[in-house]
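Open the model in your viewer and keep the selection tool at hand. This tour goes stop by stop.

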Amino acid sequence: MNYQFNFGVVWDSRDLLLSGLALGLGLAVVSILIGCVIGLVGAFAATSRSRVARGLASGYVTFFRNLPILVILLFVFFALPRAGIRLDKIDSFVASLSVYAGAYLVEVFRAGIQSVPKGVIEAGTALGLRPMQIRRLLVAPLMLRNILPALGSNFISLFKDTSLAAAIAVPELTFYARKINTESFRVIETWLVTALLYVCVCTLIAFLLRRLEARLRLPGGAR
């Protein structure tokens with residue numbers, strides 16, 4: 001093997017990589033927040049008594065869960081402008097990732113809603129609470145505690161999916177890694193460091209989520 005390792009070029013470009021990493025995390029956070037709103041609305045629709053609402057929720061989940069996120073992204077960025085809907089690169093990616101995440105989070109929230117004991121809902125009804133108050137004050141807190149592990153896994157997956165933003169030149173980590181690789185030809189060093197950054201961040205997120213889950217399992221959230 002005649003390849004001579006030289007991490008100097010990658011080190012000199014560390015600011016670019018770190019800024020791309022920060023943007024990727026930001027994209028994932030914004031997308032999962034929007035996805036949670038979509039997922040929560042969809043989950044309540046999926047568990048409602050309305051056949052139309054259940055059908056719409058089911059159709060949304062079926063459609064977007066069976067589409068590759070890259071196809072959604074390319075459609076939003078290249079096809080929607082033909083219909084007069086123009087979004088910049090970052091907004092296009094956030095929109096694509098959000099509707100993709102929402103399709104998975106509908107099922108996560110639906111399972112969370114169904115995990116809440118019926119006695120809780122009956123108790124809320126007996127206290128004279130309205131359906132919306134029962135959902136907001138009783139169902140939502142219990143549901144969130146139950147779905148936290150699944151929500152965390154979805155966030156980690158979304159963070160890794162931000163690498164696809166490089167396809168439309170969003171300056172996240174993979175975009176800068178490809179740029180550094182193209183300019184320096186340090187293939188192994190560039191992609192090895194990039195891979196390690198992804199692994200380290202995902203491992204840290206998983207660790208923090210486990211700590212949060214353990215904390216929420218204790219009465220009153222005490223240590």
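What follows is a walk through a predicted model, with something to select at each stop.

**Stop 1: helix α8**

Select residues 173-184. This is helix α8, with 12 residues. From first C-alpha to last, α8 reaches 16 Å. That is close to the 16 Å expected at 1.5 Å a residue.

Now colour the buried residues of α8. Which ones are they? They are L173, T174, Y176, A177, I180, N181 and S184. Turn the view until you look down the axis of α8. The buried residues fall within an arc of 160°, so they line one face of the helix.

**Stop 2**

Go to the N-terminal end and select E172. This residue caps α8 there. A side-chain oxygen of E172 lies 3.0 Å from the backbone nitrogen of T174.

Just after α8 comes F185. What is its phi? F185 takes a positive phi of about 65°.

**Stop 3: T174**

Come back to T174, in helix α8. Is T174 buried or exposed? T174 has 15% relative accessibility, so it counts as buried; the cut-off for buried is under 20%.

Show what surrounds T174. Leave aside its neighbours within four places in sequence. T174 is then in contact with S163, A166, W191 and Y198.

**Stop 4**

E183 is exposed, with a relative accessible area of 55%. K179 counts as partly exposed at 34%.

**Stop 5: R186 and E189**

R186 is buried, with a relative accessible area of 17%. E189 is buried as well, at 0%.

**Stop 6**

Select residues 89-115, which make up helix α5. Within α5, pick E107 and R110. Their side chains meet in a salt bridge, at 2.8 Å from N to O. Both residues lie in α5, 3 residues apart, about one turn of the helix. E107 is partly exposed, with a relative accessible area of 25%. R110 counts as partly exposed too, at 24%.

How many salt bridges does the count come to? It comes to 3.

**Stop 7: I90**

Stay on α5 and select I90, whose place is in this helix. At 34% relative accessibility, I90 counts as partly exposed.

Which residues does I90 contact, leaving aside its neighbours within four places in sequence? They are L23, L27 and V170.

Finish with a distance line from I90 to L23. The two are 67 residues apart in sequence. In space they are 9.8 Å apart, C-alpha to C-alpha.

Notes
Residues are numbered from 1 along each chain as its sequence is written. This is a predicted model: local features need pLDDT of at least 70, side-chain atom pairs count only at pLDDT 80 or more; totals for chains, interfaces and linings use all residues. Side-chain values use heavy atoms; hydrogens and water are left out. Helices (H or I, at least four residues) and strands (E, at least two) are DSSP runs, numbered from the N terminus. The expected span of a helix is 1.5 Å times one less than its number of residues. Buried means under 20% relative accessible area, exposed over 50%, partly exposed in between (1.4 Å probe, protein chains only). The arc is that of the directions from the helix axis to the C-beta atoms. A polar contact is a pair of N or O atoms within 3.5 Å; within protein, one must be able to donate a hydrogen and the other to accept it, and residues adjacent in sequence count only if both atoms are side-chain atoms. Contact means heavy atoms within 4.5 Å. A salt bridge is a side-chain nitrogen of Lys or Arg within 4 Å of a carboxyl oxygen of Asp or Glu.
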